[in-house]
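Hi,

Here is the structure I promised to pass on. Have a look at it first, and my notes on what turned up follow below.

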Amino acid sequence: MINNRTQEFTAEWKSPSNLAIVKYWGKRAIQKPLNPSISFSLKNAVTTTRVSARPSKQGGFTFSLDGNKKDTFNAKVANLLKMAASTLPFIDTHHLTIESSNTFPHSSGIASSASSMSALALCLTDLQRMINNESKSSLDLQVVSELARLGSGSAARSLYGGWTAWGESTAIANSSDDYAVKLSNVHENFMQIANAILIIEPKTKKVSSSQGHALMNNHAFGEARIKQANDNSLQLLEVLKSGDWNKFFDIAENEALSLHALMMSSNPGYTLLHPNTLKVIEEVRRVRLEENIPVGFSMDAGPNVHLLYPKNEEANISPWLENNIRPLCHQQLIIFDEIGDGPEKIITHEL
Ligand code: PMV
């Protein structure tokens, strides 16, 4: 039974960003990936979004981030609302007030589109559930993941705690290009993974991820990249089961360096690396080889570096991090994060 509501009703969700170890790079129609990707959800880097819906024949929305109107995000939000309306028809018959806040700075190398689009997709699905008078436990996270994907590809992977895979792979049961699935059977080592995010250069990137994805069409190494990502996904799945940190670092670093190599060999080619990015990479590999410190790196499409290490090695890694790595960061800035439990519902004002 559809409920005829006349008053405002609200949903509020907190959703994390995630870090891909096997990277999504290149897409085809409506945000479907060219290759499978595997990530883990972060704990501290989260977006909290509150959506209030008021019946209105015109529909429409307002959006604010950290209390300020943000026109740059309006297009992304409008795009998601437009595409989600066929699944969530209440969007066309309500005015939405969308208020978002992030726990991490913008352009910090943390994918804010992943946390913000997944938080928005959760709120919207929850509001439609209320209109449909469905029970509170009836959110289907696969459906939410598919909606989040329409807003930003990597957002599809933020709906679950722990490890997640998105994109069809013969090795992953129920995997799909449409939505992400949660991975089970992950060794306890990788359920305790820490991620120190080194802010090497906080400036907005000169080439956006969307432009980078587009340059994968007709890329000279396009076919080879798809094969590499599939092979790395198979290997990573094995490593996630076995708990082998060294093999894990090999895959994570191969993916990070390949991502940047693909950018450099695009047509036109471009670089997002900073001289200190390269200094960090060299230093991470040196300390692992020479001092046996279990640390590796990943990178997204930017100059910042994500250090990866076992959470229980934090005390051993800290002196090296403070002395050798922090001075290479912009204003000495490091954001500490780790694997998290996935989205959390904050409040629901139901009628
Ligand atoms: O979701 P998008 O379109 O911002 O693309 C994200 C791409 C990478 O962060 C570089 C890799 C990934 O899988 O998250």
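Let me start with the second largest pocket, which holds about 240 Å³ of space. A pocket here is an open set of points on a 1 Å grid over the protein atoms alone, where a 1.4 Å probe fits and protein lies on both sides within 12 Å along at least five of seven lines; lining residues have an atom within 4 Å of a point. Points are joined across faces, edges and corners, and the volume is the space filled by probe spheres set on them. Of its 13 lining residues, Ala-171, Ile-172, Leu-183, Ser-184 and Leu-237 are the closest to the centre. Helix α5 (residues 222-242) gives the most to this lining, with 5 residues. Helices (H or I, at least four residues) and strands (E, at least two) are DSSP runs, numbered from the N terminus. By class, the lining of the second largest pocket comes to 8 nonpolar, 2 polar and 3 charged residues. Ala, Val, Leu, Ile, Met, Phe, Trp, Tyr, Cys and Pro count as nonpolar, Asp, Glu, Lys and Arg as charged, and the others, Gly among them, as polar.

Before going on: this is a predicted model, so local features need pLDDT of at least 70 and side-chain atom pairs count only at pLDDT 80 or more, while totals for chains, interfaces and linings use all residues. Residues are numbered from 1 along each chain as its sequence is written, and side-chain values use heavy atoms, with hydrogens and water left out.

The largest pocket has about 1200 Å³ of space. Its lining runs to 45 residues, and Lys-76, Ala-111, Ser-113, Lys-205 and Ser-209 are the closest to its centre. By class, that lining has 12 nonpolar, 23 polar and 10 charged residues.

Now the ligand. There are 14 residues around it (a heavy atom within 4 Å), and Tyr-24, Ser-152, Ser-154, Arg-157 and His-213 come nearest. A backbone N or O atom of Tyr-24 sits 2.9 Å from a ligand oxygen. For His-213, a polar side-chain atom is 3.0 Å from an oxygen atom of the ligand, and for Asp-300 the distance is 3.4 Å.

One last thing, on cysteines: the structure holds 0 disulfides (pairs of cysteine sulfur atoms within 2.5 Å). Cys-123 is buried, with a relative accessible area of 0%, and Cys-329 is buried too, at 6%. Buried means under 20% relative accessible area, exposed over 50%, and partly exposed in between (1.4 Å probe, protein chains only).

Cheers

Methods:
Polar contact = N/O pair within 3.5 Å; in protein donor to acceptor, adjacent residues only side chain to side chain.
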